[in-house]
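Here's a quick briefing to read alongside the structure. Take a look at the fold before going through the notes.

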Amino acid sequence: MTAHALPTESVELPSTRQIVRKLAAVAVVLVIGGVLATQLPGLEEIPHQLAGANGGWIAAALILQLASTACFALAFHGVYDRRTSRRASTSMSMAVQGMNVVLPSGGAGGLAVGAVLLDRAGVPRSFAASRTVALFLITSLVSFVAVVIAGFGVAAGVLSGDATLAVTLLPGIAALLLIVAVFALPRSRGSAERVPAGRLSTALANTREYLREGVGASAELLRSGDRLVIAGAIGYFAFDVASLAAAFHAVGSAGLPIGLLLLAYTLGHGGAIVPIPGSAEGGLIGMFVLYGMSVPTATAAVLAYRALHAGVPVLLGAIGLADVRRLLRDPARAVAAKPRMKLRSAPAPQFAQGAAVAA
């Protein structure tokens, strides 16, 4: 199997005008959706809840959102082995989070742009490709572990919450099986010779190899006990959950017990995988209603939270992307003196090409 590096020389970063156009389209869709939603029977109180939101709790949600963004920057710097300067890592991580809002695809779109930025800063392409997968997997792992803990905890009565086993234990089991399956991937050695010839078969084989390398890098990083990676990934998740909890308090609700809050938050964010405006909001509202919140309260809290959850990364992302463009005029300024440690990294297969082009 022939491996190919990220073809970053053929990938153009989104311009400021493209970003503004994309955000304007998203804003129009969200405003129209919000206006239509508030006209539905039973939802007339949402504008009043938002207008009367507690300023102190909104400020707390904002601070927690900034803390979550800062933790992602720590994880970003650690996963890429400090190969870029602290300033470059911080700006790149902010750009990645901003692109995740502009390119909603479960976090993959922004990370693909991040791989392009790293390549242009002089980070080896194969290393950037495998660590991009590792960053996605490690930050996602925290979410799945939270589902396992919350699902089993609520089902066993260790965590407070009143819900059926179908919406507590089953998600916990599914998340646990998925974690095991992902980290078993490097040990499953498929034979390339057994794969029938053809473009689709080659793409599937390359995808599997690409994921295997990313999973291997993730396992190595976790075994090394890198504090930036572990603390950053956990903080990125925990502060964001706390920001959503603060948004519920802001609209006058105590929210859900911690176990159900974790389940509703994590499963609700699955809606962001669908690359259309409003998918994340719809997923979160649906999950919070499923776990016992009223539709008006869930909608008001999620809208307040998403205004910060999307607004903060977009604003910081625009600043970060502008700073990265300045740094890349002299790439030597973006590169750290030397990597912290030398970990194994294999060349990235052809699947990386599709990911970068899609971004």
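At what angle do helix α6 and helix α7 pack, and how far apart are their axes? The angle is about 145°, and the axes sit 7 Å apart. Keep in mind that this is a predicted model, so what follows describes a prediction.

**Overall picture**

- You're looking at 13 helices and zero strands, so reading from the N terminus the elements simply go α-α-α-α-α-α-α-α-α-α-α-α-α.
- The protein has 359 residues, and 47% of them are buried.
- Take the contacts between residues at least 6 apart in sequence: 80% of those join residues at least 24 apart.

**The α6–α7 pair**

- Two packed helices are described by the angle between their axes and the distance between the axes.
- Helix α6 covers residues 125–156 and helix α7 covers residues 169–184, and their crossing is left-handed.
- On the α6 side, the residues that meet α7 are Leu137, Leu141, Phe144, Val145, Val147, Val148, Gly151, Phe152 and Ala155.
- Their partners in α7 are Leu169, Pro171, Gly172, Ile173, Ala175, Leu176, Leu178, Ile179, Val182 and Phe183.
- Sorted by type, the residues of this contact come to 17 nonpolar, two polar and no charged.

**Helix α3 and what follows it**

- Helix α3 takes in residues 55–79, 25 residues in total. From first C-alpha to last it reaches 36 Å, close to the 36 Å expected at 1.5 Å a residue.
- At its start, a side-chain oxygen of Asn54 comes to within 2.8 Å of the backbone nitrogen of Gly56.
- Quite a few α3 residues are buried, among them Ala61, Gln65, Ser68, Thr69, Cys71 and Phe72. The buried list also includes Ala73, Ala75, Phe76, His77, Gly78 and Val79.
- Most residues other than glycine have a negative phi. Just after α3, though, Asp81 takes a positive phi of about 60°, and it is not a glycine.
- Arg82 also has a positive phi, near 55°, and is likewise a residue other than glycine.
- Asp81 has its place in the loop between α3 and α4 (86–102), and Arg82 is found in the loop between α3 and α4 too.

**Helix α9**

- How does the span of helix α9 fit its length? Its 24 residues (227–250) should span 34 Å at 1.5 Å a residue, and the end C-alpha atoms are 33 Å apart, which agrees.
- The N-terminal end of α9 is capped by Asp226, which has a side-chain oxygen 2.9 Å from the backbone nitrogen of Leu228.
- Just after α9 comes Gly252, with a positive phi of about 90°.

**Gln49 in helix α2**

- Gln49 has its place in helix α2, residues 46–51.
- Its relative accessibility is 15%, so Gln49 counts as buried.
- Which residues does Gln49 touch, leaving out those up to four places away in sequence? They are Val251, Pro296, Thr297 and Ala300.

Technical notes. Residues are numbered from 1 along each chain as its sequence is written. This is a predicted model: local features need pLDDT of at least 70, side-chain atom pairs count only at pLDDT 80 or more; totals for chains, interfaces and linings use all residues. Side-chain values use heavy atoms; hydrogens and water are left out. Helices (H or I, at least four residues) and strands (E, at least two) are DSSP runs, numbered from the N terminus. The expected span of a helix is 1.5 Å times one less than its number of residues. Buried means under 20% relative accessible area, exposed over 50%, partly exposed in between (1.4 Å probe, protein chains only). A polar contact is a pair of N or O atoms within 3.5 Å; within protein, one must be able to donate a hydrogen and the other to accept it, and residues adjacent in sequence count only if both atoms are side-chain atoms. Axes are lines fitted to C-alpha atoms, for helices over the stretch in contact, and angles run from 0 to 180 degrees between N-to-C directions. A crossing is left-handed if the near helix is turned anticlockwise from the far one by less than a right angle, and right-handed if clockwise. Contact means heavy atoms within 4.5 Å. Ala, Val, Leu, Ile, Met, Phe, Trp, Tyr, Cys and Pro count as nonpolar, Asp, Glu, Lys and Arg as charged, and the others, Gly among them, as polar.
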